[in-house]
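Here's a quick briefing to read with the structure open beside you. Take a look at the overall outline before getting into the details.

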Amino acid sequence: MNDPGPARLVLLRFLERVQLRDLERTRRWIAYEERREQERRRGVQDRPVSPDWLLEQGLNRNSPPVQVHCGDCWNKGKRTRGVSLDEARRAITEGVKACDVCRPDSALGFVDG
């Protein structure tokens, strides 16, 4: 007579090993996602503060600035750098064009908005 007991026990031990391996893999995935989320939060926290004023440079290093923008201007060019309030004021008084979209000249008090 065949006794299914030992064969069944072998199969259950095999199932247990498979499930433990799956559980370990799932725990690795969870740990990986937790690290990614922690890195994302750290990146948001360590992100530099956006400048209040931007100076858009010309096409090359030697060309004069082209425009002054407010820091959150959607129309800023790709060649911008953050500047201080005094630098933004100085640039406008020296004839650098104020952006027509964000109107830094109004924000700086040069023109009534």
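This is a predicted model: local features need pLDDT of at least 70, side-chain atom pairs count only at pLDDT 80 or more; totals for chains, interfaces and linings use all residues.

The protein chain has three helices and four strands, and going along the sequence they come in the order α-β-β-β-α-β-α. With a radius of gyration of 31 Å, well over the 13 Å that the globule rule gives for 113 residues, the protein chain is more spread out than a compact globule.

**Overall shape**
- Along its principal axes, the C-alpha trace of the protein chain spans about 105 × 30 × 20 Å.
- Looking at contacts with a separation of 6 or more, 45% are between residues 24 or more positions apart.

**The nonpolar core**
- The largest nonpolar core is made up of 14 residues, and Trp53, Leu55, Val68 and Ala88 have the most contacts inside it.
- At least two residues of this core come from each of β1 (53-56), β2 (67-70) and α2 (85-93).
- It's α2 that gives the largest share of this core, with three residues.
- Once you set aside its neighbours within four places in sequence, Ala88 is in contact with Trp53, Val68, Val83 and Leu108.

**Burial, surface and charge**
- Of the 113 residues in the protein chain, 21% are buried.
- The protein chain has an accessible surface of about 9400 Å², and carbon and sulfur atoms account for 52% of that.
- There are 22 positive and 18 negative charges in the protein chain, and their mean positions lie 7 Å apart.

Note on methods:
Residues are numbered from 1 along each chain as its sequence is written. Side-chain values use heavy atoms; hydrogens and water are left out. A nonpolar core is a set of buried Ala, Val, Leu, Ile, Met, Phe, Trp, Tyr and Cys residues joined through side-chain atoms within 4.5 Å. Buried means under 20% relative accessible area, exposed over 50%, partly exposed in between (1.4 Å probe, protein chains only). Contact means heavy atoms within 4.5 Å. The radius of gyration is taken over C-alpha atoms; the globule rule is 2.2 Å times the number of residues to the power 0.38. Accessible areas come from the Shrake-Rupley method with a 1.4 Å probe; for residues, only the protein chains shown count as cover. Lys and Arg count as positive and Asp and Glu as negative; His and the chain ends are not counted. The place of a charge is taken as NZ of Lys, CZ of Arg, CG of Asp or CD of Glu.
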